[in-house]
Amino acid sequence: MLALSPTDRLFFLTGAGVSAESGIPTFRGVNGLWRNYRIEEVASPHAWRRDPRLVWEFYSMRRRVAAPAKPNPAHFVLAKLEQKLQDRLFLCTQNVDDLHEQAGSMRVVHMHGELFKSRCDRCTRTPFHDTTTYDLPAELPRGDCGGRIRPHICWFGEMPFELDRIFRALDECTVFIAVGTSGVVEPAASFAAHVRGRARTVYVGEEEPANVSAFTECHLGRAGEVLPTLFCA
Ligand SMILES: [Zn+2]
């Protein structure tokens, strides 16, 4: 059990390992390939300009894979803990699925975007809920302004979402907990080092992360099994 005081502020960063425990593959695992394309070749502004159909095929596949997935005990522990701690808990995820929301988390910051949202690539129309999949060759959707509708995802070479809010929360937290994240993808990989020395840094996941030296505590195991033992939510 993790000893918490009534004034502690918790920052959770969740990564691919948490979704993997619900059966959603990471797409960066085995060789990082999809149909012989490197993921960077189908998830970048360059790919979108060159071949938007290919990009939509990739995200249609990801929507189909994620749609039937259900939250696991790790998601539920975080949702319950949020109910208890309210704004003393900040949940930032690198995952683009909606499993945290399905488990009941109310305020999830999706720094890499959301798989079930789309937006216009030309105007400032608010990103909207979208579960459409495209069996190509289909006509790709356009907005009223004539722009193309694209996945609401932070692609390679794009700026992650809500970094201002995220760094404010990092500066306020007293306990930083990374769950199921490999510690490779920036800027999230530097969060632990950013707060270290001022906040406790805790890692939970099946494998030691690349940035293990930034953590004061490391709990190896499945997030769905370890988190319930650390937090009685
Ligand atoms: Zn538009």
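Modeller: Happy to, and the questions below go from the metal site to the salt bridges, a helix pair and some backbone details.

Modeller: One note at the start: this is a predicted model, where local features need pLDDT of at least 70, side-chain atom pairs count only at pLDDT 80 or more, and totals for chains, interfaces and linings use all residues. Residues are numbered from 1 along each chain as its sequence is written, and side-chain values use heavy atoms, with hydrogens and water left out.

Colleague: Which residues coordinate the zinc ion?

Modeller: Donors are N, O and S atoms within 2.8 Å of the metal (3.2 Å for Na, K and Ca), and water is not among the atoms, so sites may look incomplete. In sequence the donor residues follow the spacing C-x2-C-x21-C. Through their SG atoms, at 2.2 Å, the zinc ion is held by Cys120, Cys123 and Cys145.

Colleague: Is Cys120 buried or exposed?

Modeller: Buried means under 20% relative accessible area, exposed over 50%, and partly exposed in between (1.4 Å probe, protein chains only). Cys123, with 35% relative accessibility, counts as partly exposed. Cys120 has 3% relative accessibility, so Cys120 counts as buried.

Colleague: How many salt bridges does the count come to?

Modeller: Side chains of opposite charge can pair when their charged atoms come close. Here a salt bridge is a side-chain nitrogen of Lys or Arg within 4 Å of a carboxyl oxygen of Asp or Glu. One group of residues, Arg38, Glu40 and Glu41, is linked in a network of such bridges. By this rule the count is 11.

Colleague: What is the N to O distance in the salt bridge of Asp130 and Arg63?

Modeller: Helices (H or I, at least four residues) and strands (E, at least two) are DSSP runs, numbered from the N terminus. Asp130 and Arg63 are both buried. Their side chains meet in a salt bridge with an N to O distance of 3.6 Å. The pair links distant parts of the chain, with Asp130 in the loop between β7 (128–129) and β8 (149–153) and Arg63 in helix α3 (residues 52–66), at a separation of 67 residues.

Colleague: Which residue forms a salt bridge with Arg107?

Modeller: The closest N and O atoms of this pair are 3.8 Å apart, and the partner of Arg107 is Glu82. Arg107 lies in the loop between α5 (99–103) and β5 (108–110) and Glu82 in helix α4 (residues 73–85), so the bridge ties together parts that are 25 residues apart in sequence. Arg107 is partly exposed at 36% relative accessibility.

Colleague: What about Glu217: which residue does it form a salt bridge with?

Modeller: In this pair the closest N and O atoms are 3.8 Å apart, and Glu217 bridges to Arg200. Glu217 belongs to strand β11 (residues 217–220) and Arg200 to strand β10 (residues 200–205), so parts 17 residues apart in sequence are tied together. Glu217 is partly exposed at 24% relative accessibility. Also partly exposed, at 30%, is Arg200.

Colleague: At what angle do α4 and helix α8 pack?

Modeller: Two packed helices are described by the angle between their axes and the distance between the axes. Axes are lines fitted to C-alpha atoms, for helices over the stretch in contact, and angles run from 0 to 180 degrees between N-to-C directions. For α4 and helix α8 (residues 223–230), the axes are 7 Å apart and the angle is about 30°.

Colleague: Which residues of α4 and α8 make the contact?

Modeller: Contact means heavy atoms within 4.5 Å. From α8 come Ala223, Gly224, Leu227 and Pro228, and from α4 come Pro73, Ala74, Val77 and Leu78.

Colleague: Which peptide bond is cis?

Modeller: The proline involved, Pro187, is found in the loop between β9 (175–179) and α7 (191–195). With omega near 5°, the cis bond runs from Glu186 to Pro187.

Colleague: What is the phi of Asn36?

Modeller: Asn36 sits in the loop between β2 (33–34) and β3. Asn36 is exposed, with a relative accessible area of 72%. Although Asn36 is not a glycine, its phi is positive, at about 70°.
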